[in-house]
Amino acid sequence: SFADNHARHIRLIDGHYYLAGPASDPRFNCQTILMPDKKLTRYLGIFNDVLSKHHLPYRLSECNSIFGQGKPGVSDTFASALWVLDFMWTVAENNGQGVNLHGGDKHFVYSPIVADNGVVSARPEYYGMLAFRYGSGDGKMIPAIITNPRDYNCTAYACINQANTLLLTLINKETDKNFSFNISFNKPASTVKI
């Protein structure tokens, strides 16, 4: 309704998003952040409706995995790197202009980077963000479809960059399964690098 009433006066719509919380809830574990997030897809659909109706871009100006500063043993693990990588791709796939991950303080378990007594260190979510940077290559998203997924918890995303190079990101969020992929292109590839 804000966009409906004030669209001519605004340049960007923003929102906040946390997958789960609070961090004190004992039900949340690594599996929580690795499962497909249907709630996020519905939430981004609301922004896409505003985008199509009012031609306004959107971004998630505050977001992260588990609210309440993140959950130890979950928000500071490799699972959180996979979560943020998949999360950022999902936002990009749904026309989002970007995300601002909440963090910064050394007490925030989910913070991508922290400074403690003058020493700056990267945490798992930083590496997920870095993987997104290299996987997107400042390119344009193109469809990447996994056929015959058999309900496995994996995702695929693709971009084509300004040099006409296809960049593909495959994310396996299963904790006890490996996958083999056969990649089919819609036109011949001259070289492939892994």
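Guide: Two strands pair if DSSP finds at least two bridges between them. This is a predicted model, and in it β1 and β2 pair over seven bridges.

Visitor: In which sense do β1 and β2 pair?

Guide: In the parallel sense; strand β2 covers residues 58-66.

Visitor: What is the order of strands in the open sheet?

Guide: The order is β1-β2-β3, three strands with parallel pairing. β1 (13-20) and β3 (99-101) each have a single partner strand, so one side of each has no neighbour in the sheet. From one strand to the next, the twist averages 25 degrees.

Visitor: Which strands does helix α4 lie across?

Guide: Helix α4, residues 78-93, lies across β1, β2 and β3. Its direction is at about 155 degrees to β2.

Visitor: And S80, is that buried or exposed?

Guide: S80, a residue of helix α4, counts as buried because its relative accessibility is 0%, and buried means under 20%.

Visitor: What does S80 touch?

Guide: Leaving out residues up to four places away in sequence, S80 touches I33, V74, S75, P124 and E125.

Visitor: Changing topic. Which residues form the nonpolar patch on the surface?

Guide: L166, L168, L170, F181, I183, F185, V192 and I194. Together they have about 800 Å² of accessible area.

Visitor: Where does L170 lie?

Guide: In strand β8, which spans residues 166-172.

How values were computed. Residues numbered from 1 in each chain as written. Predicted model: local features only at pLDDT ≥ 70, side-chain atom pairs only at ≥ 80, totals over all residues. Heavy atoms only, no water. Patch = residues over 30% accessible without salt bridge, like charges linked within 9 Å, V, L, I, M, F, W, Y side chains within 5 Å. Areas by Shrake-Rupley, 256 points an atom, 1.4 Å probe, with all protein chains shown as cover. Salt bridge = Lys/Arg side-chain N within 4 Å of Asp/Glu carboxyl O. Helix = DSSP H or I, 4+ residues; strand = E, 2+ residues; numbered from the N terminus. Axes fitted to C-alpha atoms, helices over the stretch in contact; angles between N-to-C directions. Contact = heavy atoms within 4.5 Å. Buried < 20%, exposed > 50% of the residue type's maximum accessible area, 1.4 Å probe, protein only.
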